[in-house]
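Please keep the viewer open as you go.

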Amino acid sequence: MERKNLTIVGGGSTYTLGILMSLIEEKVTFPLKSIRFYDIDSERQRFNAEAAKILLQELYPEVEEVIYTTNKEVAFTGADVLFLQIRTGGLEMREKDEQIALSHGCVGQETCGAGGMAYGLRSIGDMITLVKDIRQYAPEAWILNYTNPAAIVAEATTRVFPDDKKLINMCDMPCIIMESYADMLGCELWDLVPEYFGLNHYGWFTRILHRNGEDLTQKIKDCIINQGFSATSNFIANEPSWKKPLKICKPC
């Protein structure tokens, strides 16, 4: 398989090293030639990038080049895949989004309710500009957008770039919860067939079936009521599933 050139946009994020651990785990199925970091905060991303160099040297020496830059042309030119995880306004604005909403008796969450709307309105402009800049330097690259609030940003980019078939917006939260359900039941993730609707962080599983047709919904409810529940992700924990299996409760 041809090795890819990856650019991580938002390289200063605290999630960046976790993303690298996932990439290391998937290096056979998604081999990389180079990794570039792009962020407007040069100092914040420098710590991540220098740590990444050590990490990749030890665990992924096949990566030939690791660079970090605040120059969009350098970051985007020649990229095959770009992973976007920006936070417009930084953590300072996240705190305001949540606290202002709470002060008015509204949901104080960064991607839902009043806070989510404020964050979304800030994010949309930066995302549209970013996609335009990427397309100037990397017209054929895949863009994987992981920026919150995912539903609002996805709707905006879909409207502005309706013909861009290589622009994908995603959220891993449903998958994280599904992993927890699978572990709870003592089965594999791919054994489960969910019925799900809603928006990012405002979604509902209406029914969970086993691929053999068995309805597992009530069994899951019973597990949660009797033994508790905590959605955890191997992606966030930076551990492959075989090394650190999820244990939410005893298999029911």
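The notes below cover the sheet, its crossovers and the cysteines.

This is a predicted model, in which local features need pLDDT of at least 70 and side-chain atom pairs count only at pLDDT 80 or more, while totals for chains, interfaces and linings use all residues. Residues are numbered from 1 along each chain as its sequence is written, and side-chain values use heavy atoms, with hydrogens and water left out.

- Six strands build an open sheet with parallel pairing, in the order 3-2-1-4-5-6; strands are DSSP runs of E with at least two residues, and helices are runs of H or I with at least four, both numbered from the N terminus.
- At the edges sit strand 3 and strand 6 (167–169), each pairing on one side only; two strands pair if DSSP finds at least two bridges between them.
- On average, neighbouring strands of this sheet are turned by 15° against each other, direction ignored (axes are lines fitted to C-alpha atoms, for helices over the stretch in contact, and angles between N-to-C directions run from 0 to 180 degrees).

**Strand 2 and its partners**

- Strand 2 (residues 32–38) is largely enclosed by the rest of the structure, because six of its seven residues are buried (under 20% relative accessible area; exposed is over 50% and partly exposed in between, with a 1.4 Å probe and protein chains only).
- Strand 1 (residues 4–9) pairs with strand 2 in the parallel sense over six bridges; threonine 7 has arginine 36 as its bridge partner, and isoleucine 8 stands opposite phenylalanine 37.
- Strand 3 (residues 65–69) also pairs with strand 2 in the parallel sense, over five bridges, with tyrosine 38 opposite threonine 69.

**Crossovers**

- Strand 2, helix 2 (residues 42–59) and strand 3 form a right-handed β-α-β unit: with the strands pointing away from the viewer, the path from the first strand over the helix to the second runs clockwise.

**Cysteines**

- How many disulfides does the rule give? The count is zero, a disulfide being a pair of cysteine sulfur atoms within 2.5 Å.
- Cysteine 106 is in no disulfide, and the nearest cysteine sulfur, in cysteine 112, is 13 Å away.
- Cysteine 106 counts as partly exposed because its relative accessibility is 36%.
- For cysteine 187, the closest cysteine sulfur belongs to cysteine 223 at 10 Å, which is too far for a bond.
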